[in-house]
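Here is a short report on salt bridges, surface charge and annotated spans. Please read it alongside the coordinates.

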Amino acid sequence: MASLKAIKAKTRLSNSNLLFLIAAVIFVLMYIFAIITFPRSFMQFQTFFDLFNLNAPLIIMTLGLSIVMIGGGIDISIGAVCGLVTMACAVLLESQAGSIGGAVFLALAIGIAFGLLQGYLIAYLEIQPFIITLSGLFLAQGLLTTLHKDPINVTRPDFVALRDFDMVISWLGTRNRLGVFIPSEIKPGVIVVVVLLLLLAALMKWSRFGRNVYAVGGNSHSAMMLGINVKKTIFFTYVICGLTAGIAGFVYIMTTGAGNVGNASGAEMKAIASAIIGGTLLNGGVGNLLGAPIGTLTLLIINELIRAAGVQSNYQAIISGLLLYLFIVLQSVVMSLRDRKNITMVLPSWLKSGFHPRVRQRE
Amino acid sequence: MKMLKMKSNLSHLFLPLSVMVLLIIINLIKGADYFTITVVNGALYGNIPNILFGASELVILSIGMTLITAASQGQDISIGVSATITSAVFVWFVLQAGEVTVLTILGGFLLSCAAGLATGAFNGTLVSIFKVQPMVASLILFTGGRSIAFMIDGKLSPILANEISNQIGTVIPGVPIQTPIILTAVFIIIVALVLKTTNLRLYVESVGINRSAARLNGINPKKIIFLTFLIMGVCTAVAGFIAVNKAGRHDSVNLLKLIMMDAILAVAIGGNSLIGGKFSITGSIIGAYTIEMLNRTLLRLEIEPAMIKVFKAVFIIILMVIASPVVRAFAKKTLEKVRSGAFIGNIFKISGAVKPAAEKED
């Protein structure tokens, strides 16, 4: 029996990995397409790094949201919490008392506070996550506008130094038209993204907590019968999500250097879309955390492509909506094909990854 | 038996009604003139007519939202956007027609209903056939919908300057009640008639409670879920019609923005479970009026506009905590303990056997 199980585990891809692989393939195809259409800009390493540099907060939020979604929940307050953190940090940094360390502490505290509140209400009082995070969104937006209405530009010299800090990769870069070599630059936010990604992916893959989250998201009743503390698991997914929203807020203000009422508004919808494109199922139980940045980057590249093609801004929203539609339908088709018993997607022996021909046709 | 049924219905409406009473008390403390109604230009004005007037779109949308929630166990977040698209179609038709008569208005309304059916079908296909969560399915229209409305209009905010739509938006001369209130009442009556005369309620509830059991009993869940989305489409068309006539112009960016939040809350305050199953349209309607009342109460208390959102959020959280199953079970247990254990034990001094058992429950 044990040997049979071992063989099965080797030959059959898990749902999470399958959707992740599809997301990765789509990302690569999309990037190749982008390079073919706009070779001058997309061939540069800097373009790729800028996707990270400018959108690090979104990737961080998507990471936290993916964990919640794998656990079977949803959090739509993250964008508002992120905006609240930027404004709170800006106010603190501009006041005489604040320091950068204090701002980091404040960001983490706000994030965790929202995570604890929402997690407690959702997990232990069994209230609908949508409603609670919706009121969390209202709460954060209201606090944001009450705190300060006008944009604040942080002018502290030590913070400006942090904002303008770039890490130069001297061996990687492109030559411009005059033949001058311009090295690539990355922002400190990217380091935060990479560290968080590795930490959270390891947490989800190898820790007991991570396995519990997958079990609870798959079927909370059977998870409970297996002796998993369902409430505690759900509670901690929301705490982690709140924490990542707080971190995203600090990275946001580190990138832009200003607190604004409109900061990160609407980011929750972008994050949900990114998580779905990255192969996380909203129904819970399925998803790979490495898919979160891939989904975000795919969404961003699509947006960049639409923008670069000079399409009217109205069509941009429609096209990104349609693409989201395509991804959702694709996921749905793949999952329903997996559910049918007569089609088993077996890994070919010559390569431990790949897809069944019939699925490839559907793609 | 009938008494029992009435009691269960009333307990269903306990939450929204008690919230409403609380709000009325707060309003009366603020000023005793809360219920005064004045007649201006032959129509009734005052706090109550204003609430009925202001909540008309919300009431219509929360009726559709109740059905969707009951059948598909999720919520539609694209209703405001969908209403924007349908009203854009309406405005486009009316402005194109040149001369505005009752017939063109009616034609535009029917056309906007068709547009509403189309948006409903778009979401409904995703939810019923591809089994996508309703929230995600409607996310698509949510992201792209306002741009579609903008494209239909062709410009930023076309103005509906004619007498008939002005009358629909405000008051018809000779009728003391504002027209949106009448339209809402008519819509509610139509929905009530449909629910009374057809099997819709039974089918929707059975699909929402257990989808596969409903399928085994000969109900096609896909059809029912699709149907609820179509009904929602008509609801958005009516709501968009009222909203655009109220405003007198079409603003594809701001029309009915964030109304989906209020509609979902109306469903929740109305005592309906947000994970489907049995539903109460009456509860949702009362919930919608309660939310409008809350908005106006916060304004009346002269709270800073920025703080209104915070108050609303805290209010919703408190409401949800009170209504949560865990808190309810706890309250029931405590009540029972007070009744059986401590209360009787102390007053009648029942010795021995009962008391330890009551203590054990701790």
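A:D164 has a relative accessibility of 44%, so A:D164 counts as partly exposed. A:D164 forms a salt bridge with A:R163, with the closest N and O atoms 3.3 Å apart. The model is predicted.

**Salt bridges**

Ten salt bridges occur over all chains. Three of these pairs, including the one above, are tabulated here.

| Pair | Closest N to O |
|---|---|
| A:D164 and A:R163 | 3.3 Å |
| A:K231 and A:E126 | 3.6 Å |

The A:K231 and A:E126 side chains form a salt bridge. That pair links distant parts of the chain, 105 residues apart. A:K231 sits in helix α12 (residues 230-256) of chain A, and A:E126 in the loop between α6 (100-123) and α7 (129-147) of chain A. A:K231 is partly exposed, at 34% relative accessible area. A:E126 is partly exposed too, at 41% relative accessibility.

Is B:E57 buried or exposed? B:E57 has a relative accessible area of 8%, so it is buried. B:K246 has 23% and is partly exposed.

**Surface charge**

B:K131, B:R211, B:R215 and B:K222 form a positive surface patch. B:R215 lies in helix α11 (residues 211-216) of chain B. Its relative accessibility is 53%, so B:R215 counts as exposed.

**Annotated spans**

The unreviewed UniProt entry for chain A lists "transmembrane region" for several spans, among them residues 76-93 and 100-121. Residues 76-93 of chain A are 89% helix and 0% strand, with end C-alpha atoms 27 Å apart. Residues 100-121 of chain A are 100% helix and 0% strand, and their end C-alpha atoms lie 32 Å apart.

For chain B, an unreviewed UniProt entry gives the "transmembrane region" label to spans including 224-244 and 310-331. Residues 224-244 of chain B are 100% helix and 0% strand, with ends 30 Å apart by C-alpha. Residues 310-331 of chain B are 95% helix and 0% strand; the end C-alpha atoms are 27 Å apart.

**Sequence and space in chain B**

B:I26 is in helix α2 (residues 14-30) of chain B. B:I26 is partly exposed, at 32% relative accessible area. B:I26 and B:T297 are 271 residues apart along the chain, yet their C-alpha atoms are separated by 8.1 Å.

B:N199 is in the loop between α9 (179-197) and α10 (200-209) of chain B. B:N199 and B:N254 are 55 residues apart in sequence and 37 Å apart in space, C-alpha to C-alpha.

Key: Residues numbered from 1 in each chain as written. Chains lettered and ligands numbered in written order. Predicted model: local features only at pLDDT ≥ 70, side-chain atom pairs only at ≥ 80, totals over all residues. Heavy atoms only, no water. Patch = residues over 30% accessible without salt bridge, like charges linked within 9 Å, V, L, I, M, F, W, Y side chains within 5 Å. Areas by Shrake-Rupley, 256 points an atom, 1.4 Å probe, with all protein chains shown as cover. Salt bridge = Lys/Arg side-chain N within 4 Å of Asp/Glu carboxyl O. Lys, Arg positive; Asp, Glu negative; His and termini not counted. Charge placed at Lys NZ, Arg CZ, Asp CG, Glu CD. Helix = DSSP H or I, 4+ residues; strand = E, 2+ residues; numbered from the N terminus. Buried < 20%, exposed > 50% of the residue type's maximum accessible area, 1.4 Å probe, protein only. UniProt positions renumbered as here; feature names shortened; annotations may be inferred.
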